[in-house]
Amino acid sequence: MKRNSILIVDDESYIREFLAQVLSEHFKVRFAKNSEEAVSEVNTTQPDLILLDVLMPGVNGIETCKLIRMQPESKNIPVIMLTALGDIEQKVKAFQAGADDYLAKPFLPEELIARILRKLESKSDQKISKSETQVQLGNLKLKLDSLSL
């Protein structure tokens, strides 16, 4: 069975190592330490989910999330923001940028895994199967994959 891949984006090596230790039993884990690496990795590997730190030097996680959401091939990849910032203003900014979830540090590994599994489950529920790519109403046929008649 295929293991889902998780991209961990954090500038702190000890956080990346901790998350890898927690997640590698369940998922394939990839890493990026800044926004540029994250966008490149997303384009190259198309991870199933992204764990994205907010506080990074240079381009922060909020702006990185916006960059990921602007690209058609990555706009639907679930993004969970991980941050030491737990205030409501940062949460709102994260969700406005396109984050799917927000988890403040410190957190329990079990909670993180539960959130990841839920996001991956939701993502697979949203996939349209090949048999559902066309809807017909009387003589009108709508092709969902190209949005044409």
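User: Which residues is S74 in contact with, leaving aside its neighbours within four places in sequence?

Analyst: Contact means heavy atoms within 4.5 Å. On that basis, S74 touches V42, I68 and R69, its neighbours within four places in sequence being left aside. This is a predicted model: local features need pLDDT of at least 70, side-chain atom pairs count only at pLDDT 80 or more, and totals for chains, interfaces and linings use all residues. Residues are numbered from 1 along each chain as its sequence is written, and side-chain values use heavy atoms, with hydrogens and water left out.

User: Is S74 buried or exposed?

Analyst: Buried means under 20% relative accessible area, exposed over 50%, and partly exposed in between (1.4 Å probe, protein chains only). S74 is buried, at a relative accessible area of 0%.

User: Which residues of helix 4 are buried, and why do they line one face?

Analyst: An α-helix has 3.6 residues a turn, so residues three or four places apart point the same way. Helices (H or I, at least four residues) and strands (E, at least two) are DSSP runs, numbered from the N terminus. In helix 4 (residues 88-97), the buried residues are Q90, A94 and A97. Viewed down the helix axis, they fall within an arc of 65°, so they line one face; the arc is that of the directions from the axis to the C-beta atoms. The face turned away from the buried side carries the exposed residues I88 and Q96.

User: What covers the buried residues of helix 4?

Analyst: The cover includes helix 3 (61-70), strand 4 (79-83) and strand 5 (101-104).
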